[in-house]
Amino acid sequence: MNDVFDNLAEAFQPAPSPGPGRTPGPVGMAVLMILWAALGLAPFVFAVEDLKLATGRIGSPGTLTVVSCAPLGKGRYDCRGDFVLDRTGETVRVAASPDSTVGDVRRARLTPEGDRAVPAGTSGVLAALTLPFLGVGVLGFLPYALLYVLRVRRGRRPAVAVGCLLTAVSLAGLVVGVVAAYS
């Protein structure tokens, strides 16, 4: 029985710090920090079009009625719908959000390409903000990591506090966005 507790205690002991040659050098660390920043900024870039659609800056307004959802496996679906343009009353077959169910009727905006419809209004904006909130979460602890890599001791504690705050905001935004997307 003592062996179990000894093994458990050893599991929570701090690991030895890596010696010289076991960590990336300055160039490697710079590359890692740049990749971390790029990974955190990418969701903002990819969310721009959906945010423009959801806020009404681009696209055509109308009503989307989901008519079919084909399962792709592992809980994924390919949904199609009929989009009726407000301006002309014309009906266009489009790709609908994969979180839709057959029979859903909602306000949406047609992309300029005319191939898919994105939910409009508050729920559409909140759903479109899910990716930027993910980016906030990824970038949350980047300031602390930069201070650590640069061996700057001052400011680490506030950087951790900011990282925790940004992670909490990110988690809340992700939950709200996912709930809005599925409601």
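Which cysteine does a disulfide join to Cys-69? Keep that pair in mind while the tour sets out the ground rules and then walks through the sheet towards it.

**Before you select anything**

This is a predicted model, in which local features need pLDDT of at least 70 and side-chain atom pairs count only at pLDDT 80 or more, while totals for chains, interfaces and linings use all residues. Residues are numbered from 1 along each chain as its sequence is written, and side-chain values use heavy atoms, with hydrogens and water left out.

Colour the chain by pLDDT, the predictor's confidence in each residue, from 0 to 100. The mean for the protein chain is 88, and 91% of its residues reach 70 or more. Confidence is lowest in helix α1 (residues 2-11), at a mean of 68, and highest in helix α4 (residues 130-139), at 96. Where pLDDT is low, the predicted coordinates should not be read in detail.

**The sheet**

Helices (H or I, at least four residues) and strands (E, at least two) are DSSP runs, numbered from the N terminus, and two strands pair if DSSP finds at least two bridges between them. Select the five strands, which form an open sheet in the order β3-β2-β1-β4-β5 with antiparallel pairing. Because β3 and β5 (117-119) stand at the edges, each with a single partner strand, one side of each is left without a neighbour in the sheet. From one strand to the next, the twist averages 45°, where axes are lines fitted to C-alpha atoms and angles run from 0 to 180 degrees between N-to-C directions.

Move on to β1 and β2, which are antiparallel and joined by ten bridges; Val-66 has Gly-81 in β2 as its bridge partner. Two residues lie between β1 and β2 in their hairpin, and Lys-74 in the turn has a positive phi of about 55°.

On to β4: strand β1 (residues 60-73) is joined to strand β4 (residues 105-110) by six bridges. Select Ser-60 with Leu-110, which stand opposite each other, then Pro-61 with its bridge partner Arg-109, and then Leu-64 with Arg-106, which it stands opposite. The tour of the sheet ends with β4 and β5, which pair in the antiparallel sense over three bridges, with Leu-110 opposite Ala-117 in β5. Six residues lie between β4 and β5 in their hairpin, and Gly-114 in the turn has a positive phi of about 80°.

**The disulfide**

Now select Cys-69 and Cys-79, which a disulfide joins with an S to S distance of 2.2 Å; the term covers a pair of cysteine sulfur atoms within 2.5 Å. By this rule the count comes to one disulfide. The pair links distant parts of the chain, with Cys-69 in strand β1 and Cys-79 in strand β2, ten residues apart. The link is right-handed, with 110° about the S-S bond.

Cys-79 is buried, with a relative accessible area of 1%, whereas Cys-69, at 22%, counts as partly exposed.

**The nonpolar core**

Cys-79 also belongs to the largest nonpolar core, which has eleven residues in all, including Leu-64, Val-66, Phe-83, Val-94, Ala-96 and Leu-110. A nonpolar core is a set of buried Ala, Val, Leu, Ile, Met, Phe, Trp, Tyr and Cys residues joined through side-chain atoms within 4.5 Å. The elements that give two or more residues to this core are β1, β2, β3 and β4. Centre on Ala-96: leaving aside its neighbours within four places in sequence, it is in contact (heavy atoms within 4.5 Å) with Leu-64, Val-66, Cys-79, Arg-80 and Gly-81.

**The helical side**

Finish at helix α5 (residues 142-149), where Leu-142, Ala-145 and Leu-147 are buried. What covers these buried residues includes α2 (26-55), α4 and α6 (156-182). Then select Arg-151, in the loop between α5 and α6, which has a positive phi of about 60° although it is not a glycine. Most residues other than glycine have a negative phi. Arg-151 counts as exposed, at 73% relative accessibility.

Terms used
Buried < 20%, exposed > 50% of the residue type's maximum accessible area, 1.4 Å probe, protein only.
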